[in-house]
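Please look over the sequence and the model shown below. The paragraphs that follow lead through its elements step by step.

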Amino acid sequence: MGSATSSMAAKFAFFPPDPPSYNIFVDEPTGKMRISDVHPREDVDVVKINTKKGNEIVALFIKNPSASLTVLYSHGNAADIGQMYHVFSELSVYLGVNLMGYDYSGYGQSTGKPSEQDTYADIEAAYKCLEDTYGVKEEDIILYGQSVGSGPTLDLATRLPHVRAVVLHSPILSGLRVMYPVKKTFWFDIYKNIDKMPLVNSPVLVIHGTEDDVVDISHGKQLWELSKDKYEPLWLKGGNHCNLELYPEYLRHLRKFISAIEKLPRHRNLTELSPLKTVDDNDKARSSSGKRDKARWSTGQLREKSRRSTENGEKSSSRSSTCSREKSSRKLSVDRSGKARNSTDSDRARNSFDRLGDMVRSVGLCNVDCMKPAAFEA
């Protein structure tokens, strides 16, 4: 049965960018590893990590001097950390966190071939690197899983009872349930998030688009219902599987979540602070008019103004995309918090919406259209 399970799991479509969007080289003056085609930064480490499955994965660690929390980010299925580099950088600045992103086995410059079990080994190795190399404690880590990355994220969360929080971005109930509306879990299914969610003790934030035609929003809603310690979810009206980062509510809601988590004493849950409230994003008009957001634990009055910013030099021509790009007429809103952690972060964060939107647009970050082909053929 084990071989049959492996055979069925192998049918799950992993789509690492081919060729990878980046190379690794050693910077001779410093002796540090660097990612190609990006400006070298002293606050970014490029590391290679050995996994218990015998592979060597590549990870980025972005340091934020004002951070008390660290995000461990598991990206989606059709991306690598070369594509995610600038997005990671902006999230680190805007959210005020350290951030580690890693490539699964067989992705980017990581060795081996991707599989469900390998992704579990990959995230475990990344976590141990944070713990052993950077001294990050379990209770100061937020696990972030995007799309198929929700699989390794939830698997690790079930084994780390004191992890600070979990963010699920367009998550899946399971691999098979993406393809078929099955009511029970079969032995040959993979990424059985529906069964693991009730085992997670940490506060959980779920973000999903209402028009997601790759992973239906019902996946995110059911996972949220199954979570023990619920934070108000964000259902982005009109959002699809590929573009949630383009909505100003995305960054704003993440920022509030991080702020709420920072205020909590370790090992306490969110429900001790405030009753739950569901956030449904039907408020584009509210956003553009600059009204105060009504969600919990706001860190200050939010002001917004619409504008477009353009950045040249992105590697759009070399990066693969499985989703059509956003229409050029879409405008991004800049969300600025009146209480930045410090003046430097405040200045850098003011343009985060614009820069992040352009980055997402330029690389076409759609991460699980890979599930649409016949992942589970009879």
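Helices (H or I, at least four residues) and strands (E, at least two) are DSSP runs, numbered from the N terminus. The model is a predicted one, in which local features need pLDDT of at least 70 and side-chain atom pairs count only at pLDDT 80 or more, while totals for chains, interfaces and linings use all residues. Residues are numbered from 1 along each chain as its sequence is written, and side-chain values use heavy atoms, with hydrogens and water left out.

The secondary structure of the protein amounts to 11 helices and 14 strands. Of its 378 residues, 59% are buried, where buried means under 20% relative accessible area, exposed over 50%, and partly exposed in between (1.4 Å probe, protein chains only). A contact is defined by heavy atoms within 4.5 Å. Among contacts between residues at least 6 apart in sequence, 72% join residues at least 24 apart.

The loop between helix H1 (2-10) and strand S1 (24-27) contains Pro-19. A cis peptide bond, with omega about 5°, links Asp-18 to Pro-19. Most residues other than glycine have a negative phi, and most peptide bonds are trans. Two further loop residues concern phi. Ser-170, in the loop between S8 and H5, is not a glycine, yet its phi is positive, near 50°. This serine, Ser-170, is buried, with a relative accessible area of 0%. Tyr-191, in the loop between H5 and H6, likewise has a positive phi, of about 50°, without being a glycine. With 1% relative accessibility, Tyr-191 counts as buried.

Two packed helices are described by the angle between their axes and the distance between the axes. For helix H3 (residues 116-133) and helix H4 (residues 150-159), the axes come within 9 Å and cross at roughly 60°. Axes are lines fitted to C-alpha atoms, for helices over the stretch in contact, and angles run from 0 to 180 degrees between N-to-C directions. H3 and H4 are therefore oblique to each other; angles under 35 degrees count as roughly parallel, over 145 as roughly antiparallel, 65 to 115 as roughly perpendicular and the rest as oblique. On the H3 side the contact is made by Thr-119, Tyr-120, Ile-123, Glu-124 and Tyr-127, and on the H4 side by Gly-151, Pro-152, Thr-153, Asp-155, Leu-156 and Arg-159.

Asp-140 is buried, with a relative accessible area of 12%. Leaving aside residues up to four places away in sequence, Asp-140 touches Ser-68, Leu-69, Thr-70, Arg-164 and Arg-266.

Helix H7 (residues 217-226) has the buried residues Ile-217, His-219, Gly-220, Leu-223 and Trp-224. Seen down the axis of H7, these residues fall within an arc of 155°, so they line one face of the helix; the arc is that of the directions from the helix axis to the C-beta atoms. An α-helix has 3.6 residues a turn, so residues three or four places apart point the same way. The buried residues of H7 pack against helices H5 (175-179) and H6 (193-196) and against strands S8 (165-169), S9 (203-209), S10 (229-230) and S11 (234-236).

Strand S11 includes Leu-234, which counts as buried at 2% relative accessibility. Leu-234 and Leu-205 are 29 residues apart in sequence, and their C-alpha atoms are 7.9 Å apart in space.
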